[in-house]
Amino acid sequence: MSLPDFKLMRPRSIEAAFDCLGQHAGNVRVLAGGTDLIPSMRQKLFEPQYVLDLRGIAAMRGIKPQPDGGVEIGALTTLRAIERSDFLHQHYPVLTEAAGTVASPVLRNMGTIGGNICLDTRCLWYNQSLTWRKGCGFCIKKDGDLCHVAPGGTKCWAVFSGDTPPALLCLNAEIEIAGASGTRRVPLRDFYTGLGDDYRKLQPNELVTRVFLPASTADYSGVYRKLRVRGSIDYPLAGVAVVMKRSNGHVADARIGITAVNPAPMLVKGASELLTGKIVDDALAEAVGDLAARTAKPLTTSALTPEYRREMIRVFTKRAILAAAAN
Ligand SMILES: Cc1cc2nc3c(=O)[nH]c(=O)nc-3n(C[C@H](O)[C@H](O)[C@H](O)COP(=O)(O)OP(=O)(O)OC[C@H]3O[C@@H](n4cnc5c(N)ncnc54)[C@H](O)[C@@H]3O)c2cc1C
Ligand code: SF4
């Protein structure tokens, strides 16, 4: 599949990037590592006139520990750099573990944390060639007006399939969103909409520039578990991140994040309350697993059945809680 024609723009500064976005508003696609954007362009899911290649902007790269004990991560930092960071491994292990499961080593060398956060939602009826999609009459997410997954409905249920966002949600991460009119810092949990065809709160002339992890969640034990067909390369079909802090054997704080089973990555509501103050045992881990499984709403957007993916959310949550409590 060939790439559609486009003009490549390579700014060297964030300001120059905003100029490009401003001049060609609506006709630009942002490229970070390109590991998701380029395959999507080959499938003619996006046919922008301009592609804004961010890779020359050094200011958007790097892992910078902060004096207060937190850390700032540039959006262009590769997943490989995150996976291999001693600082992150020591203080935010759930993030290095999740980053290390993305795709394959080659793709992690190119793919960035910003691209992983901004990743388009996926569906078996959408991530296909133009000929394939045309043969099926297209769908709501692009060029059509029906949903093959939930016929009769008007909502797109394409599933968010990034690995690092559930870990980042557990860590109470914030992101910096920058545009020509200024920057704002928002909790990652407010970034996603839950709509498969309009999945993130980002204007076409805005960029995600930095990710912040607070000192308050440093040194929590963390575990990420992921279901995929091929262990060496695939997107998650269900993923669970757990972070936990314990004191005198009791859970002092904990959060559970899930991915690949809803149109947005999300925290499991009520999990912290269920765990806090308790000693983790099999029954408690199982109860939180049940809660996570009820939060997951997988549909036939992906390989493997929804029932199996939901069951694996239950199983992985239980296992991850027991593993985090044993660390
Ligand atoms: C075979 C294969 C397997 C994969 N497996 C996985 C997997 O297991 N887990 C997983 O999470 N991902 C997987 N991916 C997807 C992808 O490799 C990763 O999600 C990667 O992190 C994307 O980052 P990128 O920098 O390459 O993003 P790009 O492809 O450059 O961009 C992705 C999207 O984000 C936007 N974007 C990127 N950076 C910014 C920014 N700073 N501000 C605003 N918008 C931005 C782009 O415009 C685009 O819409 C896989 C891809 C392939 C091809
Ligand atoms: S969930 Fe429905 S509308 Fe969305 S991409 Fe899949 S088939 Fe299309």
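The buried residues of helix α11 are covered by elements that include β11 (250–259), β12 (266–267), α10 (271–275) and α12 (306–326). Helices (H or I, at least four residues) and strands (E, at least two) are DSSP runs, numbered from the N terminus, and contact means heavy atoms within 4.5 Å. This is a predicted model, in which local features need pLDDT of at least 70 and side-chain atom pairs count only at pLDDT 80 or more, while totals for chains, interfaces and linings use all residues. Residues are numbered from 1 along each chain as its sequence is written, chains are lettered from A and ligands numbered from 1 in the order in which they are written, and side-chain values use heavy atoms, with hydrogens and water left out.

Back to α11, which spans residues 282–295: its 14 residues reach 20 Å from first C-alpha to last, close to the 20 Å expected at 1.5 Å a residue. (The expected span is 1.5 Å times one less than the number of residues.) The buried set in α11 is made up of Leu284, Ala285, Val288, Gly289, Leu291, Ala292, Ala293 and Thr295. Here, buried means under 20% relative accessible area, exposed over 50%, and partly exposed in between, with a 1.4 Å probe and protein chains only. An α-helix has 3.6 residues a turn, so residues three or four places apart point the same way.

Helix α12 has 21 residues and reaches 30 Å between its end C-alpha atoms, close to the 30 Å expected at 1.5 Å a residue. Its buried residues are Pro306, Arg309, Met312, Ile313, Phe316, Thr317, Ala320, Ile321, Ala324 and Ala325, and they pack against β9 (221–227), β10, β11, α10 and α11. Leu304 sits in the loop between α11 and α12. Leu304 is not a glycine, yet its phi is positive, at about 70°, and with 34% relative accessibility it counts as partly exposed.

Val240 belongs to strand β10 (residues 238–247) and counts as buried at 0% relative accessibility. Leaving aside residues up to four places away in sequence, Val240 touches Val223, Tyr224, Arg225, Ile256, Gly257, Ile258, Ile313, Phe316 and Thr317. Its C-alpha atom is separated by 24 Å from that of Gly74, 166 residues apart along the chain.

Now for the cores. A nonpolar core is a set of buried Ala, Val, Leu, Ile, Met, Phe, Trp, Tyr and Cys residues joined through side-chain atoms within 4.5 Å. The largest one holds 56 residues, and Phe191 and Leu213 touch the most other members. Helix α1 (residues 14–23) gives the most to this core, with 5 residues. A second, separate core has 29 residues, including Ile256, Ala271, Phe316 and Ala324. As for Leu213, its contacts beyond four places in sequence are Gly70, Val71, Ile73, Leu88, Tyr92, Leu95, Leu168, Leu171 and Ala173.

Ala167 is in helix α9 (residues 164–170) and is buried, with a relative accessible area of 0%. Not counting residues up to four places away in sequence, Ala167 touches Val94, Leu95, Ala98 and Ala241. Gly222 is 55 residues from Ala167 in sequence and 8.4 Å away in space, C-alpha to C-alpha.

Gln43 is buried, with a relative accessible area of 14%, and Lys44 counts as buried at 19%. Beyond four places in sequence, Gln43 touches Met1, Asn127, Gln128, Ser129, Leu130 and Arg133. Lys44, a residue other than glycine, has a positive phi near 60°.

On a 1 Å grid over the protein atoms alone, a cavity is a set of points where a 1.4 Å probe fits but cannot get out, and a pocket is an open set with protein on both sides within 12 Å along at least five of seven lines; lining residues have an atom within 4 Å of a point. The structure holds 4 cavities of 30 Å³ or more. About 100 Å³ of space lies in the largest cavity, and of its 14 lining residues, Cys123, Cys139, Cys147, Val149 and Cys156 are the closest to its centre. The second largest pocket has about 270 Å³ of space. Of the 15 residues that line this pocket, Arg122, Leu124, Tyr235, Leu237 and Ala303 are the closest to its centre.

Definitions and conventions: Points joined across faces, edges and corners; volume = space filled by probe spheres on them.
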